[in-house]
Amino acid sequence: MPPRTRGGYTSGAPRRRPTGSKRRRRVHLREVDPAADPDPIEHPQHDKDETEGSLRVLLEDLLIDLYCEVFTNMLQRIYGWERAPLKLVNHGAKLQLWELDMERSRIYDTVHRSGLAPLTSCSHRVASRPMLSAFCERWQPETTTFHMPFGEMIITLDDVASILHIPVTGSMISFSQPLRVDDANALLVELLGTTDVEASRETEQCRSPSVRLLWLRDHFSTITDASSDDDIMFATRAFLLHLVGCTLFADKSATSVAVVYLELFRDLSMVGSYAWGAACLAYLYRQLTTATRFEVRQLGGYLTLLQAWIYEHFSEMFSSPDMSYTESRPRALRWRPHVIPDSLQSVRERLDRLQISEVCWEPYVDHRAEHPLPDIAWYFGCLKCGQVVEPYHPERVLRQFGYIQTIPPRPFTPPRPDRSILLEQYWERWMDHVLTDQSRGRRCHYSGSGESVPEYMAWYDRISHRIVQPPQLRSGFTTDARSSLPSHAASTSDTRAARALTLLRLVISGGREQSVDVFWGALNEAHGILAGSDETSASHSTPSPAPASHSTPSPATLPFFSPATFVYPPTASDDPPPLIVPPPLASVAPPAASGDPPPLIVPPPPAVAPPAPAADPSAPAPDSTASTTVYVRAKRKKKT
């Protein structure tokens with residue numbers, strides 16, 4: 001038998017058709033002549049070509065993705081494409097469907113000892129979509145803060161403790177790994193007393209390791225103090241699971257709650273030892289980060305906390321106080337929740353015009369007698385809720401604690417959720433990880449003045465954007481107002497985006513036969529343009545090849561363009577940001593390097609392959625036994 005070579009081929013035999021896995025790698029191969037090269041796989045040049053081909057495909061895909069992302073964001077801004085207000089997941093009304101009256105006093109006593117009893121009464125039944133959507137648009141995932149026109153603000157642990165009156169210190173809520181459906185069924189049988197059939201039917205209906213909130217109410221809301229001790233214990237766990245599913249950990253399913261939280265109620269005497277407020281804040285941070293994506297249409301998390309925080313700090317704009325409120329109750333009950341009649345566009349404009357004097361920086365001064373400032377509010381590190389890990393940066397919002405705001409250090413990247421032991425040890429020693437008196441700096445000269453160091457706003461203008469609403473979408477904006485707008489400077493984001501589009505289009509249209517260095521150079525140059533590091537007028541030609549290097553780039557060095565950061569940049573004056581007048585929707589040639597803003601580049605139509613040349617009748621017919629054609633994958637369809 002002829003010897004077999006690497007890859008399963010027999011020496012001297014025709015090559016077999018490549019497998020699906022090889023075609024999916026999109027490697028460009030050529031015709032192979034077994035007689036001249038019986039084992040081409042072992043030839044070192046083929047491995048090099050395969051590596052270069054894969055890298056070339058990867059870099060072109062990155063260029064296309066970057067091109068589409070920049071182009072989509074420009075269309076959203078210039079032509080007014082924007083998403084509607086977010087759909088809110090609010091279960092405030094569902095909490096009233098399962099109330100603990102005098103007939104269920106034993107269940108209420110356990111809930112009261114857990115520290116979660118305030119959640120049964122302070123949840124808002126109504127949430128304002130325009131208001132919460134407008135604040136969600138100002139959320140920056142990189143810093144986990146709201147970027148307002150005058151600086152950064154966040155929901156702190158002090159806000160959680162004052163608004164909800166739930167514990168913010170204690171054990172970190174952590175799970176070793178995500179819960180599987182089989183484990184969820186076993187947990188329901190053990191801790192809620194259901195049968196295997198009922199548990200399997202419920203998780204199968206939810207199509208996840210979750211149970212419906214309606215299912216919990218139907219099975220356990222009828223249990224009273226006259227029931228057996230086991231039934232009361234099962235009903236208490238079910239009520240607590242229903243409570244956190246409607247409040248702290250409300251997800252975007254809007255109907256169910258994850259069974260994994262049931263593990264926290266295994267020992268009912270230990271429920272009050274968890275840091276529920278810190279877990280709620282981490283979960284809300286993650287929901288806000290997810291909602292900043294353009295394709296996301298819903299916002300989860302405990303929206304009562306977010307809405308009450310807005311009422312506290314922006315009371316002159318949105319709030320409606322309840323005059324019967326007393327300071328012994330949670331601050332969430334101080335306000336009458338209502339739906340703002342304004343549109344999302346109107347709320348954006350109001351936030352764009354917001355002045356620093358309109359913010360209530362220290363709203364809990366009258367509440368300190370009943371609820372002092374907790375020391376853990378100065379903790380800097382990570383907050384954890386199961387598999388969710390989010391950074392917490394009090395040094396970026398010193399004004400909310402009554403201190404003069406200084407330029408903060410760079411935000412840190414949170415560790416992986418699987419390093420739960422290190423995170424728990426760090427959290428348990430939170431006293432060693434609080435801002436020192438030196439780090440806090442000086443207190444403001446006047447209470448609630450919101451002071452900052454002189455160089456803070458200049459730094460803030462470089463790293464953020466004050467204005468979100470485009471001027472052509474503002475109230476009262478007319479076509480005649482276009483001529484009165486100032487022209488774009490060479491460093492504005494629209495000009496940079498147009499230059500990057502021109503560069504990327506030229507390189508992409510060249511096809512995959514170009515050198516890897518051309519693709520890599522285009523990525524680096526486009527990243528420099530979008531980041532604003534290229535201050536000079538860039539030429540709109542194909543970038544010059546970089547030094548020869550065929551090594552695979554590190555993921556940490558690949559360029560990244562976030563849609564959340566692609567908004568109107570601040571201007572030196574109080575005038576509204578300038579506007580690019582959109583050109584006709586047609587492909588245009590790159591402008592000359594004259595300093596004028598380049599026009600918007602629309603992606604060209606897909607290139608049509610030229611017809612194959614006619615076969616030469618005088619040429620000899622190919623010998624099917626002497627060579628084998630290796631099929632090449634078709635050109636991938638570009639994004640539209």
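**Note on salt bridges, aromatic pairs and buried residues**

1. E312, E327, R331 and R334 are joined in a network of salt bridges. A salt bridge here is a side-chain nitrogen of Lys or Arg within 4 Å of a carboxyl oxygen of Asp or Glu. Across the whole structure, the search finds 18 salt bridges.

2. A word on the source. This is a predicted model, in which local features need pLDDT of at least 70 and side-chain atom pairs count only at pLDDT 80 or more, while totals for chains, interfaces and linings use all residues. Residues are numbered from 1 along each chain as its sequence is written, and side-chain values use heavy atoms, with hydrogens and water left out.

3. R331 forms a salt bridge with E312, and the closest N and O atoms are 2.9 Å apart. The pair links distant parts of the chain: R331 is in the loop between α13 (315-318) and α14, E312 is in helix α12, and 19 residues separate them. Helices (H or I, at least four residues) and strands (E, at least two) are DSSP runs, numbered from the N terminus. Both R331 and E312 are buried. Buried means under 20% relative accessible area, exposed over 50%, and partly exposed in between (1.4 Å probe, protein chains only).

4. Next, E137 and R348. They form a salt bridge, with the closest N and O atoms 2.6 Å apart. This pair also links distant parts of the chain: E137 lies in helix α5, R348 in helix α14 (residues 344-352), 211 residues apart. How do the two ends sit? E137 is partly exposed, because its relative accessible area is 22%. R348 is buried, because its value is 6%.

5. R396 sits in the loop between β9 (388-392) and α15 (420-428), and E152 in strand β4 (residues 151-153); the two are 244 residues apart, so to speak distant parts of the chain. R396 and E152 are both buried.

6. Helix α14 deserves a look. Which of its residues are buried? They are L344, V347, R348, E349, L351 and D352. These buried residues pack against α5, β3 (145-148) and α13. Contact means heavy atoms within 4.5 Å.

7. Now the rings. Rings of Phe, Tyr and Trp (its six-membered ring) pair if their centres lie within 6.5 Å; planes under 30 degrees apart count as stacked, over 60 as edge-to-face and the rest as tilted. By this rule the structure has 25 aromatic pairs. In one of them, the ring centres of F135 and W309 are 6.4 Å apart and the planes are at 85°, so the pair is edge-to-face. F135 is in helix α5 (residues 129-137) and W309 in helix α12 (residues 303-313), 174 residues apart. F135 is buried, with a relative accessible area of 0%. W309 is buried too, at 0%.8. A second pair is F175 with Y261. Why is it edge-to-face? The ring centres are 6.0 Å apart and the planes are at 65°, so the pair counts as edge-to-face. F175 lies in the loop between α6 (157-164) and α7 (181-192), and Y261 in the loop between β6 and α11 (276-291), 86 residues apart. F175 counts as buried at 11% relative accessibility. Y261 counts as buried at 9%.

8. There is also an aromatic cluster. F135, W139, F146, Y285, W309, F314 and F318 make it up. The edge-to-face pair of F135 and W309 thus has both its residues in this cluster.

9. Two arginines sit over rings. A charge sits over a ring if NZ of Lys or CZ of Arg is within 6 Å of the ring centre and within 35 degrees of the ring normal. The charged end of R440 is over the ring of W378, 4.1 Å from its centre. R443 lies over the face of Y403, 4.7 Å from the ring centre.

10. Two threonines to finish. T247 is in the loop between α10 (229-246) and β6 (256-258). T247 is buried, because its relative accessible area is 0%. Neighbours within four places in sequence aside, T247 is in contact with L95, L119, S123, G301 and Y302. T110 lies in helix α3 (residues 105-114). T110 is buried as well, with a relative accessible area of 12%.
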